[in-house]
Amino acid sequence: MTPRGWAVLTLAALVLALLVASALLVPWHRPPAPRADQLSALRELPADQVARAREFRAALRPGSYGALLVGLLVALLLGLTPLGARLVELAGRPFGDHWIARAVLGGLAVVLVADLITLPFAAWRQSVLTRYGLSTYGWSGWAVDLLKSYAVSAVIGAVALLGFYTVTRLAPRWWWAFGAAGAAGLVVLLSFVLPVLVEPVFNRFTPMEQGPLRTELMAMAARDGVPVRDVLVADASRRTKAVNAYVSGLGPTRRVVVYDTLLREATPAEVTSVVAHELGHARQRDVAVGTLTGALGAAAAVVALYLLGSWPPLTRLAGVESVAEPRAFPLLIALVTVAGLVAAPAQALISRRVEARADAHALALTGDPVTFEAMQRRLAGVNLADPDPPRWEYLWSASHPSTVERIAAARAYARKAGG
Ligand SMILES: [Zn+2]
């Protein structure tokens with residue numbers, strides 16, 4: 001069998017593994033959140049708060065969708081015309097057209113061009129956040145964070161580009177197999193190191209100070225059977241007024257993080273409710289499952305890029321001989337961008353199901369739907385979330401159930417627990 005034949009077979013196996021993993025590991029059945037409860041929860045929210053949140057979300061929309069559209073157009077323009085290949089050549093020229101210069105500098109140049117063209121949209125977003133009082137730092141703080149994120153992406157990108165094009169040179173017929181294994185390995189590695197290497201670039205993390213709240217949270221984690229060494233507090237207030245918490249990392253790097261804004265804004269009981277939700281993620285190994293499916297997806301993407309990228313009409317459009325050469329990187333980016341847009345609703349759906357399960361865990365662990373509901377109201381109020389967003393936007397991009405869905409789930413839980 002030819003390498004191409006093996007690639008088709010491998011892709012089929014990876015897609016099958018992804019489907020089986022999602023069928024078995026995604027909690028497709030969600031706890032009930034009756035629409036009648038959602039609507040009554042919506043009516044009970046202060047009307048001016050809902051109006052202001054909707055106004056805020058509407059103000060963000062042109063920037064978000066503009067960035068999406070322009071980003072797609074730039075990716076297609078660079079990837080499906082010889083323009084991108086020429087940009088890669090240009091980046092390699094000062095270095096005698098050496099392949100490493102083309103691979104790394106050319107690749108980063110393509111990403112940088114796309115970033116710079118969408119920069120005005122990012123600035124627009126920041127101006128809206130400032131206008132609505134959610135952002136707490138000025139333009140200089142924003143610019144520093146932006147430069148930091150460019151630097152982090154450049155380092156990770158350079159490693160990935162160098163590794164990828166070394167493999168395409170060493171194994172011209174089988175690079176897709178090594179590339180798939182490498183991409184999967186990179187996803188796993190990033191899950192381990194992001195919390196200890198990347199997150200500290202943007203925030204300072206300190207153990208939560210000793211006191212009744214910390215004692216209560218550690219006791220709850222122990223009761224839940226989730227080994228948590230510590231609850232970390234992130235200094236999110238330097239950037240935002242928004243409140244949040246999350247779990248990240250795997251094994252030795254796993255941590256529960258709460259924003260300092262949450263500790264400032266919410267009551268201790270509400271913080272407990274949020275951490276109970278995060279413990280749900282830890283208990284269900286949501287980070288590990290996300291890493292596994294991410295690794296399978298990355299491997300499948302590399303094989304699919306090999307198969308699709310060597311389709312002659314595409315390489316002809318891009319003005320390249322083979323998808324394996326650095327000059328074809330813009331073509332890869334165009335394909336990845338389109339795939340990302342197509343996959344977005346499915347990813348959002350899976351995320352909402354996983355989040356609904358963590359909510360159910362929080363309700364069962366605390367047995368306190370009243371505080372859970374109060375916390376949801378506070379989250380929506382402080383973060384200016386639309387409690388019941390437009391259906392199309394919800395389906396397209398919502399990573400969490402809406403505020404009214406989460407409140408309705410708490411009410412349904414309360415009825416079941418009470419009766
Ligand atoms: Zn969550």
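**Close-up views of a predicted model**

**View 1. D97 in its loop.** D97 sits in the loop that links α4 (83–92) and α5 (99–131). Helices (H or I, at least four residues) and strands (E, at least two) are DSSP runs, numbered from the N terminus. The model is predicted: local features need pLDDT of at least 70, side-chain atom pairs count only at pLDDT 80 or more, and totals for chains, interfaces and linings use all residues. Residues are numbered from 1 along each chain as its sequence is written, and side-chain values use heavy atoms, with hydrogens and water left out. The phi of D97 is positive, near 55°, in a residue other than glycine. Most residues other than glycine have a negative phi. D97 counts as partly exposed because its relative accessibility is 40% (buried is under 20% relative accessible area, exposed over 50%, partly exposed in between; 1.4 Å probe, protein chains only).

**View 2. R285 in its loop.** R285 lies between α10 and α11 (286–309). Its phi is also positive, near 55°. At 55% relative accessibility, R285 counts as exposed.

**View 3. The zinc site.** H277 (NE2), H281 (NE2) and E355 (OE) coordinate the zinc ion at 2.0 to 2.1 Å. Donors are N, O and S atoms within 2.8 Å of the metal (3.2 Å for Na, K and Ca); water is not among the atoms, so sites may look incomplete. The donor spacing is H-x3-H-x73-E. H281 belongs to helix α10 (residues 268–283) and E355 to helix α13 (residues 329–366), so the pair ties together parts 74 residues apart in sequence. H281 is buried at 7% relative accessibility. E355 is buried at 10%.
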